[in-house]
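The sequence and structure are shown first.

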Amino acid sequence: MSDNDKPTPQDQRSKAMQARIIRASITCLDRLGYAETTFARIQAKAGVSRGAITHHFPTRQALVAATAMELLAKALGPVERRAANADQPEPVRALITRAWGQVVNSAGGRAMVEILVACRTDKELYHLLEQRLHDWDAQSRASINRAYRGSGADPDDAELLWSMTRNFLRGLVLHDKFVSDPAYLARMVDRFAGLIETQLIPLPAKDMP
């Protein structure tokens with residue numbers, strides 16, 4: 001990297017401010033839901049001025065879209081780390097359990113569910129995220145194909161099984177509001193993971209691309 005390519009102090013401050021605002025957005029989405037996540041509440045949580053927010057994110061939808069992109073990048077972690085590993089892929093039950101505990105059932109995961117639900121009615125938000133969501137879905141499916149195969153005859157069976165898994169786990173986030181015992185959710189995740197591990201099979205290291 002040349003001296004001209006190095007981020008300036010102003011660039012670093014700008015990125016730090018954006019990260020601070022996005023963290024506040026995640027917290028508000030998780031705790032309050034999309035409808036109640038306003039600039040005023042994000043401003044209060046981040047401890048910044050309204051102008052600081054709108055300088056980086058001119059609309060609420062722009063901020064929420066940037067938040068979603070940050071969360072989507074992190075959500076690929078559980079699969080991509082294993083897909084890129086030369087060793088045997090992670091056992092399916094462990095993969096699903098970790099995806100639930102570290103990604104989906106987290107502040108970021110719950111915030112992402114709020115964003116996805118909001119995309120159904122907020123056309124501006126959906127327009128900002130539509131292509132990114134399609135790209136992320138394709139990347140997620142490709143990552144699974146590099147490390148696992150499905151037991152079915154269709155060549156995309158592993159992708160189908162992983163898409164089912166993602167949708168099941170996201171659905172549990174919504175179901176959580178109606179379950180008084182968190183252990184019951186954990187049992188559902190474990191039971192579902194046991195079913196999927198009979199259908200989604202780790203590829204031997206020699207067969208991984």
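## Packing of α1 with α4

Helices α1 and α4 pack at an angle of about 90°, and their axes are 10 Å apart. Axes are lines fitted to C-alpha atoms, for helices over the stretch in contact, and angles run from 0 to 180 degrees between N-to-C directions. The two helices are therefore roughly perpendicular, a term for angles of 65 to 115 degrees. On α1 the contact (heavy atoms within 4.5 Å) involves Ile-21, Ile-22, Ser-25, Ile-26 and Leu-29, and on α4 it involves Leu-63, Ala-66, Thr-67, Glu-70 and Leu-71. Seven of these residues are nonpolar, two polar and one charged; Ala, Val, Leu, Ile, Met, Phe, Trp, Tyr, Cys and Pro count as nonpolar, Asp, Glu, Lys and Arg as charged, and the others, Gly among them, as polar.

## Basis of the model

The model is predicted: local features need pLDDT of at least 70, side-chain atom pairs count only at pLDDT 80 or more, and totals for chains, interfaces and linings use all residues. Residues are numbered from 1 along each chain as its sequence is written, and side-chain values use heavy atoms, with hydrogens and water left out. Helices are DSSP runs (H or I, at least four residues), numbered from the N terminus.

## Helix α7 and its neighbours

The axes of α1 and α7 are 8 Å apart, with a packing angle of about 75°. This makes α1 roughly perpendicular to α7. Ile-26, Leu-29 and Asp-30 of α1 meet Ala-107, Gly-108, Arg-110, Ala-111, Glu-114 and Ile-115 of α7. By class, this contact has five nonpolar, one polar and three charged residues.

## Side chains of α9

Arg-166 lies in helix α9 and is buried, at 13% relative accessible area. Not counting residues up to four places away in sequence, Arg-166 touches Trp-136, Asp-137, Ser-140 and Arg-141.

The structure holds one aromatic pair, defined by ring centres within 6.5 Å. Phe-168 and Phe-192 form this pair, which is stacked (planes under 30 degrees apart), at 4.0 Å centre to centre and 15° between the planes. Phe-168 is in α9 and Phe-192 in α10 (residues 182-196), 24 residues apart.

How values were computed:
Angles under 35 degrees count as roughly parallel, over 145 as roughly antiparallel, 65 to 115 as roughly perpendicular and the rest as oblique. Buried means under 20% relative accessible area, exposed over 50%, partly exposed in between (1.4 Å probe, protein chains only). Rings of Phe, Tyr and Trp (its six-membered ring) pair if their centres lie within 6.5 Å; planes under 30 degrees apart count as stacked, over 60 as edge-to-face and the rest as tilted.
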